[in-house]
Amino acid sequence: MPKDGGIGASTKRREDIRFLTGNGNYTDDINLRGQAYVHFLRSDVAHGRLNKVDTSAAEAMPGVLRIFTGKDFEGVGGLPCGWQVTDRFGEVMQEPGHPVLAQGKVRHVGDPIAAVVAETYAQARDAAEAIELDIEELPAVVDMKKALEEGAPLVHDELKNNLCYDWGFVEENKGAVDEAFAKAAHVTTLELINNRLVANPMEPRVAVGDFNRSTGDSTLYTTSQNPHVIRLLMGAFVLGIPEHKLRVVAPDVGGGFGSKIFHYAEEAFCTFAAKALNRPVKWTCSRSEAFMTDAHGRDHVTKIELALDAENNFTAIRTDTYANMGAYLSTFAPSVPTWLHGTLMAGNYRTPLIYVNVKAVFTNTVPVDAYRGAGRPEATYQLERVIDKAARELGVDPIGLRRQNFITQFPYATPVAVEYDTGDYHATMDKLEEIADFSGFEARRKASAAKGKLRGLGINCYIEACGIAPSNLVGQLGARAGLYESATVRVNATGGLVVMTGSHSHGQGHETSFAQVVAEMIGIDANMVEIVHGDTANTPMGMGTYGSRSIAVGGSAMVRATEKIINKAKKIAAHLMEASEADIELKDGKFSVAGTDKSVAWGDVTLAAYVPHNYPLADIEPGLEETAFYDPSNFTYPSGAYACEVEVDPDTGKVTIERFAAADDFGNIINPMIVSGQVHGGIGQGIGQALLESCVYDENGQLQTGSYMDYAMPRADDVPFYQVDHSCQTPCTHNPLGVKGCGEAGAIGSPPAVVNAVIDALQRSGRNITHIDMPLSPSRVWQAM
Amino acid sequence: MPEVKMTVNGKPASGQIEGRTLLVEFLRETLGLTGTHVGCDTSQCGACVVHVDGKAVKSCTMFAAEAEGAEIKTIEGMAEPDGTLHPIQQAFQDHHGLQCGFCTPGMVMSAAALLAENPTPTEAEVRDYLEGNLCRCTGYHNIVKAILAASGQDVSRIAAE
């Protein structure tokens, strides 16, 4: 096997060729014969009662086929939520309905009221303007704390208040945590906001529904990270279509970052309308529409307290968070501030007592759900900010304070219900000190000062829980689904393989890296392995790609299926060579009998499996195709240490990222080039959150950042080259590849590094500024100074 | 509906269009050249960049009718007919300058326009030129690196892995 194609090789990506030549097949590139187009008329108020939706004039407009309103969906299910959180009093969360089209009320700007289906998109849009609406505007709730006040307007009239749940974790520890704070030698407190973000994959969402009259089957083409999940949710809970009559295809998908996990109303609508109209129905989201319909991310308001003893050991952590759910519960929303956030509050540190309180709140804003990192960036940000603040208050080195409290023995059971299998936090910190060139900082700071700029250095650590997730564990925590992954490996007669995976690639390069694993296991050229994903019709039921789970869970399923293939192939090889199966060895694509010069090639065995003329039919079936489902026994725990150097312009408050370094431990690595790319992208998004991005609503619930004119996306000149390293590798102990996952690390590890660096720059210049909320825009920094 | 005629990737192209048809819509819907993408509706993202008479243009900001008689080049016209990638395309693959691929056509077309204007740009000049092209996957690191490499400059000292 060529050395550039196996595990550990930076193999160039095969999928690049089609993307680079304009031959990708994204959902918006799919056009079906007879296709009609839908435009959604959306609420322009945050909260209102729908007194009248009169479509009669619009229906007479040219090209209009039919206009649907909430009435058409009265007999249809609503969009389901996939996770049920139980609160600190043992009660299940309040779970309001989420209709496909608004019924009775609109609850956020962008809530769909009517859907106009017409011959062309322009005609649909024109007709939507002729729909007559009478909306009685109601007072909106936007601020979470105000939403919980007595007498606040109710987002959902049928709920008792706007509180989704009040969650305590670990509730039994609360008393002991309070006691530890009472006894602490030092307590550091920090109040902060984790700013609301919009995921903004460059490809806006698209859905094309199709109905086949001859078979009665429905097909949905959609921009999804998990087509099987969409098929299950939409088929079983919304439209009542059995899975064998429903196919969901997610072809090339232009980025997701979490926002394409969830089941959205437009998907259900297009599938429903295609059958109702007996024509394919297509929806292409505009970017402005995406800002008011894609699930948003983050939006936590937190108070964190850290207790230390007289020797600066962490003794307890207590946090109090308000988490915005928006107007409806998106698919995984309740799990993000709880099980993806509270369980990470130990970070990299031995803190014996931790208590996390989260109040999840309904507001008249777009639903909030997982965005790259999902809960883990929120945990990391507050923890790494409060540790930095504590170091400053105590007058100790922030790196030393962290090192002193590092977890060093593994496995390590945290007080927040998870067990880290491996890690070496000193090693990643050592590596960081080297690649970030800490020793040269002082000289660089002086050079900045000579230019009139304030230079600062910020560092932080992170831990995350990836490889989501052990089904029995998440079931106990309220998940309504299993979180295993699947793979079918089909070997063709002439020796090529097709791997059909339940994972989905939307930028991660699975078609290359997954093939590297199988090629290595068999010892053949990676080009003999084809990876198929994204179509429920030809892949086994899988849960898709998010939570840095693809290689750790999907890759493990693929390894298990490939092991089954190899075991069967060895039996065939033993028969062909008249040897004992126990003596068969597979190396470099060749089966040989140990201790002899007898061998058969991979292709001879695969041919025998399908042309069984000389074949042990009494012992094994013909054919060579195996499926495996893999359910992990634990999460994986990537970790690392990040450093950021900034320059602050004291005249304008503008922050410039001068250097950024990341030392990660992802366990074993399949393709280092792809891993680096994942870290780069995460850092770019993290810098975006720290310096630029913020989704803003005014007090009436009007979205102020509704396009790229107002929402500041990071651009090429906002970021530097990044120094990334993943040579510290403590392999995961419980999956066959020893991998941990790398997709979210950059977004989790970078915001605190940036903010710590800016605070450091300001402190070094003698300004006693301890915190500025993200994004650290010039105006905020300048005002703080 | 009026007819519009232009040359696209060296071949004559024409179609009946509404007056409000954008150039990107004409390319994607009428000609089926779906390599040019639409990522926003405010001319910010640059996924739709094509060359009009040799200049990089966001094809969402121009009516198809305005391209009457123009020479248009899209991402589909960049590689050689035998499939050999353009040096910029090749550099993007060599340096992992793309992930999901959605912004990529616009990035490649912008990079080609930059290198036509400025054959050996500095890092800062590359970053400045890409102001109008958004990427959400790469953090821009490998895009900038790929463009510097495509210009023939040594990128071996830029952190890779």
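A:Asn278 sits in the chain A loop that runs between helix 7 (265-277) and strand 13 (281-284). Its phi is near 55°, a positive value in a residue other than glycine. A:Asn278 is exposed: 10 other C-beta atoms lie within 10 Å. The model described here is predicted.

B:His96 also has a phi near 55°, again positive and again in a residue other than glycine. Its loop lies between helix 2 and helix 3 of chain B. Is B:His96 buried or exposed? B:His96 counts as buried, with 26 C-beta neighbours inside 10 Å. The cut-off for a buried residue is 20 or more other C-beta atoms within 10 Å, so B:His96 qualifies.

## Cis peptides in chain A

A cis peptide bond links A:Phe410 to A:Pro411, with omega at about 0°. A:Pro411 belongs to the loop between helix 10 (398-405) and strand 18 (412-413) of chain A.

Another cis bond joins A:Ile468 and A:Ala469, and its omega is also about 0°. Here the loop is the one between strand 20 (454-463) and helix 13 (471-476) of chain A, where A:Ala469 is found.

## The largest nonpolar core

The largest nonpolar core holds 303 residues. Which members touch the most other members? They are A:Val38, A:Val116, A:Val518, A:Val754 and A:Val758. Helix 15 (residues 550-576) of chain A gives this core its largest share, twelve residues.

Take A:Val758. Leaving out residues up to four places away in sequence, A:Val758 touches A:Gly456, A:Val646, A:Val648, A:Val655, A:Ile772, A:Leu776 and A:Val781. In soluble globular proteins, nonpolar side chains tend to be buried together.

## Fold of chain B

Chain B has five helices and five strands. From the N terminus, the order is β-β-α-β-β-β-α-α-α-α. The C-alpha trace spans about 55 × 35 × 25 Å along its principal axes.

Buried residues account for 56% of the 161 residues in chain B. Consider contacts in chain B between residues at least 6 apart in sequence: 58% of them join residues at least 24 apart.

## Two domains in chain B

Chain B splits into domain 1 (3-76) and domain 2 (87-150). Their centres, taken over C-alpha atoms, are 21 Å apart. Domain 1 puts 15 residues into the contact, and domain 2 puts in eleven.

On the domain 1 side, strand 3 (49-52) and strand 4 (55-58) of chain B are the elements that give two or more residues. Strand 3 gives the most, with three residues. By class, this side of domain 1 has seven nonpolar, seven polar and one charged residues.

## Where chain B meets chain A

How many residues of chain B are in contact with chain A? The count is 48 residues of chain B, against 47 residues of chain A. Four chain B elements each supply at least two residues to this side: helix 2 (87-94), helix 3 (104-117), helix 4 (123-129) and helix 5 (141-150). The chain B side divides into 24 nonpolar, 16 polar and eight charged residues.

## Confidence

The model scores ipTM 0.98 and pTM 0.97. For chain B the mean pLDDT is 96, and 98% of its residues reach 70 or more.

Conventions: Residues numbered from 1 in each chain as written. Chains lettered and ligands numbered in written order. Predicted model: local features only at pLDDT ≥ 70, side-chain atom pairs only at ≥ 80, totals over all residues. Contact = placed C-beta atoms within 7 Å. Nonpolar A, V, L, I, M, F, W, Y, C, P; charged D, E, K, R; others polar. Domains from an automatic or database assignment. pLDDT = per-residue confidence, 0-100. Buried ≥ 20, exposed ≤ 12 C-beta atoms within 10 Å, placed from the backbone. Core = buried A, V, L, I, M, F, W, Y, C linked by C-beta atoms within 7 Å.
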